[in-house]
Amino acid sequence: MVDTTLAVIDGNGDAQSLAAIDGGVSGLTPYHAEDPAQRTALLAAFAGLGTQATLAAILAKLLAAPSTEAKQDTLIGHVDGLETLVGATNALLTTQNGYLDGIEGLLTTANGYQDGIEALLTTLTRQPTTTSRIASAAASTNATSAKTSAGTLFFATGYNAAASVRYLKIYNKASAPTVGTDVPVLTLAIPASAGFAFDFPAMSFATGIAYALTTGAADSDTGALTLADIVGLNIGYA
């Protein structure tokens, strides 16, 4: 039996009797009093949510979503593959650039060789343009300046009429040499009583071309020739 005299405070702070409350609840009798048939129906409805078919449908929707873990792993795999491909491409380009640099270096070196060969050929194919001559040697060292600037020596020819060896000395100098003091670039022994012909493969002189004739081979020798010891002397240069 419900005690209708006991007052309670409702959610709004108003006093109500239990009888009034019970009266309101009685309208919910199907839920207030347990109904076995309704309970069975509710349990059956909830049980349907856990069936394999329902779960499969839910999983299908989840797998179809773009943000699933499997698809993220697939995308990450593709990105990793692209990064690997880019890295390999960059490495290949770096290697190819190295090959190109090497080829350019070889071409530069080859061009340098070509320039050197052309310069050498130019020098070797040059011809004497001028000759310095002594028809008959004086009774001296015959110090002579053939060219007062840089030049190229090609040959020296003549005849030694003396009974002893005489010496032709060539100087890199822009004026007549001071025999015995200046140091010759070449000292050539001329056989006694014989002709001579000295060929020089385009020998260069940076300052000038000068020469002298002596009776001794030493750089310091100042021995003068006897008149006409050397005849027909020709020095060819350019």
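**Loops, strands and a ring pair**

Visitor: What relative accessibility does Ala 228 have?
Guide: Ala 228 counts as partly exposed, the class between buried (under 20% relative accessible area) and exposed (over 50%), using a 1.4 Å probe and protein chains only. The value for Ala 228 is 29%.

Visitor: What kind of model is this, and from which number do the residues count?
Guide: This is a predicted model, so local features need pLDDT of at least 70 and side-chain atom pairs count only at pLDDT 80 or more, while totals for chains, interfaces and linings use all residues. Side-chain values use heavy atoms, with hydrogens and water left out, and each chain, as its sequence is written, is numbered from 1.

Visitor: Back to that alanine: what is the phi of Ala 228?
Guide: Most residues other than glycine have a negative phi. Ala 228, in the loop between E9 and strand E10 (230-237), has a positive one although it is not a glycine. (Strands are DSSP runs of E, at least two residues, and helices are H or I, at least four, numbered from the N terminus.) The phi of Ala 228 is about 65°.

Visitor: And which loop holds Ser 193?
Guide: Ser 193 also has a positive phi, near 50°. Ser 193 is partly exposed, with a relative accessible area of 45%. Its loop is the one between E7 and strand E8 (194-205).

Visitor: In what order do the strands of the open sheet run?
Guide: Four strands take part, with antiparallel pairing; two strands pair if DSSP finds at least two bridges between them. At the edges, pairing on one side only, sit strand E4 (144-147) and strand E7 (186-190). Neighbours are turned by 25° on average, direction ignored, going by lines fitted to C-alpha atoms, with angles from 0 to 180 degrees between N-to-C directions. The order is E4-E9-E6-E7.

Visitor: Which residue in E9 is the bridge partner of Lys 169?
Guide: Five bridges join E6 to E9, and five join E6 to E7, where Tyr 167 stands opposite Ala 189. For Lys 169, the partner in E9 is Ala 212.

Visitor: How many residues of strand E6 are buried?
Guide: On one side Arg 166, Leu 168 and Ile 170 are buried, and on the other Tyr 167, Lys 169 and Tyr 171. E6 is therefore largely enclosed by the rest of the structure, its buried count being six of the six.

Visitor: What is the centre-to-centre distance of the aromatic pair?
Guide: Phe 196 and Phe 198, both buried, form a tilted pair with 35° between the planes. Rings of Phe, Tyr and Trp (its six-membered ring) pair with centres within 6.5 Å; planes under 30 degrees apart are stacked, over 60 edge-to-face, the rest tilted. The distance is 5.6 Å.
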